[in-house]
Amino acid sequence: MSERGLIHIYHGNGKGKTTCGMGLCVRAAGAGKKVLIYQFLKNSHSSELNILRNVPGITVMEGKEDAKFTFQMTEEEKAENKKYYIQKFQEICRKAVDEDYDVLFLDESLHVINKDMLDEELVLDFLKNKPEKLEIIMNGYHPSEKLQEAADYISLIQKEKHPFDQGIPARVGIEK
């Protein structure tokens with residue numbers, strides 16, 4: 001009998017949600033598990049991906065090359081992104097199932113759901129019908145009550161102090 005895969009949510013306004021998910025991916029790969037990572041709202045150039053692409057057992061699906069912060073998007077761009085992310089989510093799910101992955105990290109998935117660029121019901125349906133062994137990691141902001149009910153782990157990462165508040169931008173190797 002295989003282990004039952006659980007659902008993790010890391011959310012809040014604190015630094016470290018992606019870092020927590022990536023750490024779990026590294027731990028899983030170190031245990032011989034097969035890991036699939038996709039980053040919504042990010043291109044494929046974040047520093048952690050530079051090394052993770054070389055870790056045996058980890059597959060990184062390429063992100064959207066022209067990714068922007070949601071507050072920089074027009075309504076037309078949000079609508080285009082919604083079409084793209086729905087198609088991409090379906091592709092990710094097929095790959096995770098067809099290629100028998102153990103862990104799936106959907107980085108910033110909560111954010112695209114909240115910004116109406118990914119249908120929550122589509123995600124909930126996948127969570128409900130996922131392969132039993134598949135562990136799923138989601139992160140971002142404000143998980144809905146339905147997503148919280150679907151989760152097995154929920155960790156709130158709360159900011160107390162952050163350099164961004166003093167005007168210090170994200171730094172390569174630390175925040176990006």
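Reader: In E5, which residue is the bridge partner of Leu 104?

Author: Strands of a sheet pair through backbone hydrogen bonds, in a parallel or an antiparallel manner. Here the bridge partner of Leu 104 is Ile 136 in E5. Strand E4 (residues 103–107) pairs with strand E5 (residues 135–140) in the parallel sense over 4 bridges. Two strands count as paired if DSSP finds at least two bridges between them; helices (H or I, at least four residues) and strands (E, at least two) are DSSP runs, numbered from the N terminus. The model is predicted: local features need pLDDT of at least 70, side-chain atom pairs count only at pLDDT 80 or more, and totals for chains, interfaces and linings use all residues. Residues are numbered from 1 along each chain as its sequence is written, and side-chain values use heavy atoms, with hydrogens and water left out.

Reader: In what order do the strands form the open sheet?

Author: The order of the 6 strands is E3-E2-E4-E5-E1-E6, with parallel pairing. Strand E3 (58–60) and strand E6 (153–156) are the edge strands, each pairing on one side only.

Reader: Which strands does helix H5 touch?

Author: Contact means heavy atoms within 4.5 Å. Helix H5 (residues 120–129) packs on the sheet and touches E1, E4 and E5.

Reader: Is Glu 108 buried or exposed?

Author: Buried means under 20% relative accessible area, exposed over 50%, and partly exposed in between (1.4 Å probe, protein chains only). Glu 108 counts as buried because its relative accessibility is 14%. Glu 108 lies in the loop between E4 and helix H4 (109–114). Leaving aside residues up to four places away in sequence, Glu 108 touches Thr 18, Phe 40, Lys 42, Asn 139 and Gly 140.

Key
Axes are lines fitted to C-alpha atoms, for helices over the stretch in contact, and angles run from 0 to 180 degrees between N-to-C directions.
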